[in-house]
Amino acid sequence: HKMIDVVDHTFRTNLFLKNRYALALRLDPAVFNPNDALAEGSGNGQADWASPFGVFFVHGRRFNGFHVRFRDIARGGMRLVTPPTEEQLSIESARHFDECYGL
């Protein structure tokens, strides 16, 4: 049911735009909360988890990216994972959000 939870907690998307290069989603940060039943098994295990202001996920043909911000206006950029093999993509994707949250 994780995918249904993500769809239910999507604030904005570019899914319906023509000629888009990648799929972009602005997600409700509660989906990633390790103390919440929705995020059970997410691997964070952080008792003092601070809810981000915004979580953005982008999926393209050869990359996945997260941007996690804790204020309305944030400096920095998007963390992209572009490994050369499907196996490496799977390994990197498993810890991708946790890495972005900690930056």
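Me: Hi! What pLDDT does the protein average here?
Reply: Hello! This is a predicted model, and the protein averages a pLDDT of 81, with 87% of the residues scoring at least 70.

Me: Nice. Where is confidence lowest and highest among the strands you'd point to?
Reply: Strand S5, residues 79–81, has the lowest confidence at a mean of 78, while strand S1, residues 10–13, has the highest at 95.

Me: And which residues stay under 50?
Reply: That would be residues 37–44, for which the model still has 19 contacts beyond four places in sequence. Where pLDDT is low, the predicted coordinates should not be read in detail.

Me: Okay, new topic. Which residues make up the largest nonpolar core?
Reply: There are 12 residues in that core, among them Leu25, Val31, Trp49, Phe57, Phe66, Val68 and Cys100. Strands S2, S3 and S4 and helix H3 each give two or more residues to this core.

Me: Which element gives the largest share?
Reply: H3 does, with three residues.

Me: What is Cys100 in contact with, leaving aside its neighbours within four places in sequence?
Reply: Phe66, Val68 and Arg79. Both Phe66 and Val68 are also members of the core.

Me: Let's switch to His67. Is His67 buried or exposed?
Reply: His67, which lies in strand S4, counts as buried because its relative accessibility is 11%, under the 20% cut-off.

Me: Which side chain does His67 join through a polar contact?
Reply: The side chain of Arg69, at 3.5 Å.

Technical notes:
Residues numbered from 1 in each chain as written. Predicted model: local features only at pLDDT ≥ 70, side-chain atom pairs only at ≥ 80, totals over all residues. Heavy atoms only, no water. pLDDT = per-residue confidence, 0-100. Helix = DSSP H or I, 4+ residues; strand = E, 2+ residues; numbered from the N terminus. Contact = heavy atoms within 4.5 Å. Core = buried A, V, L, I, M, F, W, Y, C linked by side-chain atoms within 4.5 Å. Buried < 20%, exposed > 50% of the residue type's maximum accessible area, 1.4 Å probe, protein only. Polar contact = N/O pair within 3.5 Å; in protein donor to acceptor, adjacent residues only side chain to side chain.
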